[in-house]
Amino acid sequence: MPQEHSVRETLELAVTGMTCAACSTRLEKVLNRLPGVEAAVNLASERAVLRFAPGALTLETACAAVGKAGFGASVAQSLDREQERARKHIEWQASLKLFWFAAAMTLPLAIQMPAMFGLWPGWGGEHEFIPRWLQCLLATPVQFWAGARFYRGAWNALRGGGANMDVLVALGTSMAWLYSTVVTLVGWHGLHVYFEASAMVITLVLLGKLLEARAKARTSEALDTLLRLQPRRAWVEQDGRLVEIDVEALQPGMAFMLRPGDAVPVDGVVLEGRSALDETLLTGESLPIDKQPGDKVFAATINGQAMLRCRATGVGADTLFAGIVRLVGQAQGSKAPVQRLADRIAAVFVPVVVVIALTTFAAWWLSGDFQSALINAVAVLVIACPCALGLATPTAVMVGVGLGARAGLLIRNAEALESAGRMKVLALDKTGTLTQGEPAVTDVAAAPPWTSDALLQWAAAIEHASSHPIARAIVRAAREKEGGEAFGAVSDVRAVEGQGIEGRVGGRVVLAGTPDFLASNGIEVPQEEVAALAAQGKTLAALAIDGTYAGLIAVADRLREDTPAALERLRQAGVRVNMLTGDNPSTAAAIALELGIADWRAGVLPAGKADVIAELKKEMPTHNGCVGMAGDGINDAPALACADVSFAIGVGADVAVEAADITLVRSSLHGVADAVHLSQATLSKIRQNLFFAFIYNVLGIPLAAFGLLNPVVAGAAMALSSVSVLSNSLLLKRWKPYRKEKT
């Protein structure tokens, strides 16, 4: 997905008073009318995200626009949700008490239901089970106290120039209550009353809202779990003893201590000690990661069994953990393109339903049945709530983004999540993506009488003075050998640029460099060995001691251990892999052959990779899928920006939350496959939810209009429709990322 380069500010508002998709759609229209503002309103997260040019919008203007539309707004604090959770808990407790009151008042009226369905004799006239005056006394507080929220919501919606679920519920139940009250006061004993219908509809809708609130809270519990893992205290050393301080007191450069089992308070670097840290929270990798002096540690990960002394490098909002929380919150509040159809329908849904209800009322009344006209119109109004339609997409997105964060997938927004599942072609950078990103010794071919270990030590001794990547790889390999780094005295070192290096090691003349470098010094190098290793795409360092050929050392950027398995998972998901590299054709061909990649291009510079992505997009019609790019997020930035969906592989903390549409904290292509599978699972849930929401209204409204649905049954169905969509979204939690089997 192309990245926007213009500078834009972002304001995130917590919105109160939204009850259905019509509310969020109307508010989004109102906010988008503000000059220079792009707004997205999410019903499930109760958030409005506004993007605008610097200085084009103030908080007061935004809140005023929200208030004019009939809702409340305040600045959302994405990194501190404790107060918000407390507020919602208080609101939930108040709603629970209100529901129990409504249920207690409604329960006596419910005994009339069996008779209404013909199960008991004596329904109607003077033989009702509860006197009508008592029915009115029970139903009235339910209508106007327990149901006051619907009147307030309806008034705010109408005042803001729209209509929502509250309008339907208030209108439908008021019609039933008013008709029943008039019949009771006038004394028309031959006519039915519907106090139980108005009271039970309100009670059931209140119950549905309670269940909906509980399920909505569960959709964001992944983010809440992350926040609970954020450490509040840290240990520092003062006067030779450990002292516990608030984590806010830690500043960059300060030293802090990690005891066994401690959560890391801030990002830092190990100064002293060795231990293994559980980084499952960030990477999704279940195996502990060994840490030693110089290694990075990240906030909210867990120390193992040894003490570590560290230096703080990132604190507060500058930690990788804080960036993850911030990104997850933003992504959960974003809107997927698949939601657009539901938004268009929700914008006109309530007015259309009111027209259908009026038509139903008129048709039944003209047929001579006023009571059926009333009750069927009420049923149409009650069953047609668009709540499920508005929750179908955002709830699945919230669950999917949260699952991704726990698996080490930082998804920038809902559009990226959707695009990953539609990806048909994935272009991959080679170095650092398919490979480990640094050269390593792969082969040591020693000529008699030298052994491989001895040859490696001689080469390391002379190369120790060089900073060339191949020299560093040889020195590193020698140190890993038992008894390594026992290099002899080195003198008279002279580097020949682009060819090699020569000098004296322990009094003996040593030459190390390309085979041509040795040949230019009159030393014969076996061409068969050179050709065999070069054909595999490896870089060669030949060695001569005292003018005699001693052997060859092959260096290559080795494949990541799990790359072949990850590519196979991508192929099984229907993704075609295309490798792009700036390396030479022979090396690229060897890597492509080993991995079974048929489409590859070598010698491609970073700017040229973007051109290749553009070509691939032209070959891929939009409706058939999209093109992705995976790279290191830095030198591949042009290609990442050009792709429909981009993946940054295992980049550093300072770039991790900014580089691409989806950032993989763990340096593994399995993360790309996980993202594809998670996206496909999320899209499947969204389609199921939209189907349930559409089919519910498509079937329910005609049944109510033709008199086949009682208002109480319609109210129960409406209340449960949202819960069913939310519950279906929560089933997405069964998705599991790839896990490497422990050995």
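This is a short talk on the fold of one protein, going from the whole chain to a few single residues.

Hi everyone, and thanks for coming. Before anything else, please keep in mind that we are looking at a predicted model.

Let's begin with the overall picture. The protein has 743 residues, and 53% of them are buried. Its secondary structure comes to 27 helices and 25 strands. Now think about contacts between residues with a separation of 6 or more: 70% of those contacts join residues 24 or more positions apart.

Which strands sit at the edges?

Zoom in on β2 and its partner β3, residues 47-52: they pair in the antiparallel sense over six bridges.

Next comes an open sheet of six strands, in the order β15-β20-β19-β18-β17-β16, and the pairing is antiparallel. Its edge strands are β15, at 435-446, and β16, at 490-496, each pairing on one side only. Neighbouring strands in this sheet are turned by 20° against each other on average, direction ignored.

Inside that sheet, β17 (residues 500-505) and β18 (residues 508-513) run antiparallel and are joined by six bridges. In one of the paired positions, V505 has R508 of β18 as its bridge partner. Helix α20, residues 527-534, packs on the sheet and touches β15, β19 and β20, with its direction at about 5° to that of β20. Helix α17 lies across β15, β16, β17, β18, β19 and β20, running at about 100° to β17.

Let's stay with α17, as it has a helix partner as well. Two packed helices are described by the angle between their axes and the distance between the axes. How do α17 and α18 cross? The axes of α17 (residues 452-463) and α18 (residues 469-480) come within 8 Å and cross at roughly 130°. The two helices are therefore oblique to each other, and the crossing is left-handed. On the α17 side, the contact is made by L456, Q457, A459, A460 and E463, and on the α18 side by A471, I474, V475, A477 and A478. Sorted by type, these residues are eight nonpolar, one polar and one charged.

Now for a strand in a different setting. Is β23, residues 626-631, mostly covered or mostly open? It is mostly covered, with six of its six residues buried. C626, G628 and A630 point one way, V627, M629 and G631 point the other way, and all are buried. β23 pairs with β14, residues 423-429, in the parallel sense over five bridges, and there M423 stands opposite C626. β23 also runs parallel to β24, residues 645-649, with four bridges joining them; A630 has F647 as its bridge partner in β24.

Let me finish with a few single residues. S729 lies in helix α27, residues 711-730, and is buried, with a relative accessible area of 0%. Beyond its neighbours within four places in sequence, S729 is in contact with A392, T395, A396, V399 and N689.

Most residues other than glycine have a negative phi, and most peptide bonds are trans. A300 is not a glycine, yet has a positive phi of about 80°. A300 lies in the loop between β11 and β12 and counts as buried, at 4% relative accessibility. D546 also has a positive phi, near 55°, and its place is in the loop between β19 and β20. D546 is partly exposed, with a relative accessible area of 42%. And a cis peptide bond joins P448 and P449, with omega about 10°; P449 lies in the loop between β15 and α17.

Definitions and conventions: Residues are numbered from 1 along each chain as its sequence is written. This is a predicted model: local features need pLDDT of at least 70, side-chain atom pairs count only at pLDDT 80 or more; totals for chains, interfaces and linings use all residues. Side-chain values use heavy atoms; hydrogens and water are left out. Buried means under 20% relative accessible area, exposed over 50%, partly exposed in between (1.4 Å probe, protein chains only). Two strands pair if DSSP finds at least two bridges between them. Axes are lines fitted to C-alpha atoms, for helices over the stretch in contact, and angles run from 0 to 180 degrees between N-to-C directions. Angles under 35 degrees count as roughly parallel, over 145 as roughly antiparallel, 65 to 115 as roughly perpendicular and the rest as oblique. A crossing is left-handed if the near helix is turned anticlockwise from the far one by less than a right angle, and right-handed if clockwise. Contact means heavy atoms within 4.5 Å. Ala, Val, Leu, Ile, Met, Phe, Trp, Tyr, Cys and Pro count as nonpolar, Asp, Glu, Lys and Arg as charged, and the others, Gly among them, as polar.
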